[in-house]
Amino acid sequence: MTGQTAKIASPCECGTMAMRQVNQFMLHDELWWDSEFSCGSCGTYLCEHASPGAAPADVREALLAAHGPVKLRLISPVPSLVPALKVFREATAASLTRARELVEELSHDGVVGTLPVMEFLKARLQTRAVPVDIDR
Ligand SMILES: [Zn+2]
């Protein structure tokens, strides 16, 4: 399973521009993200965040900017998209409306996002016998 890392410039209390390093990865079958702040100038180091769940927009954007998006799509027709709908509801905590949109995207142009998220969804969908693959 592939994890991704990106760096985000972030000002430190000491007045210099420091770095946040953000990571998105799979751990124990869950999608995690974490964030560390470190300043090379004053030596401040903070673990800002580490838990499973969807990454916030700034983290997602930094990962997409660093690695580019990938596309998850259906590779053959399925008799029913209900299993896919269930996966999106459970795995992303999406509303029913949003989950329907994701299923629609999956069966047409593909769902676009970071590689760790798409691999996470791919594994969940394959468990429910939904034939999907990732275009990179
Ligand atoms: Zn500092």
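Biologist: Why is Asp 133 called partly exposed?

Modeller: Asp 133 has a relative accessible area of 32%. Buried means under 20%, exposed over 50%, and partly exposed lies in between (1.4 Å probe, protein chains only). Therefore Asp 133 counts as partly exposed. This is a predicted model: local features need pLDDT of at least 70, side-chain atom pairs count only at pLDDT 80 or more, and totals for chains, interfaces and linings use all residues. Residues are numbered from 1 along each chain as its sequence is written, and side-chain values use heavy atoms, with hydrogens and water left out.

Biologist: What makes Lys 122 and Asp 133 a salt bridge?

Modeller: Their closest N and O atoms are 3.4 Å apart. The definition asks for a side-chain nitrogen of Lys or Arg within 4 Å of a carboxyl oxygen of Asp or Glu. So the pair qualifies. Lys 122 lies in helix H4 and Asp 133 in strand E7, so the pair ties together parts 11 residues apart in sequence. Helices (H or I, at least four residues) and strands (E, at least two) are DSSP runs, numbered from the N terminus.

Biologist: Why is Glu 90 called exposed?

Modeller: Its relative accessibility is 53%. Glu 90 also forms a salt bridge with Arg 128, at 3.2 Å between the closest N and O atoms. Arg 128, at 33%, counts as partly exposed.

Biologist: What makes Phe 25 and Trp 32 a stacked pair?

Modeller: The centres are 6.3 Å apart, with 25 degrees between the planes. Rings of Phe, Tyr and Trp (its six-membered ring) pair if their centres lie within 6.5 Å; planes under 30 degrees apart count as stacked, over 60 as edge-to-face and the rest as tilted. So this pair is stacked.
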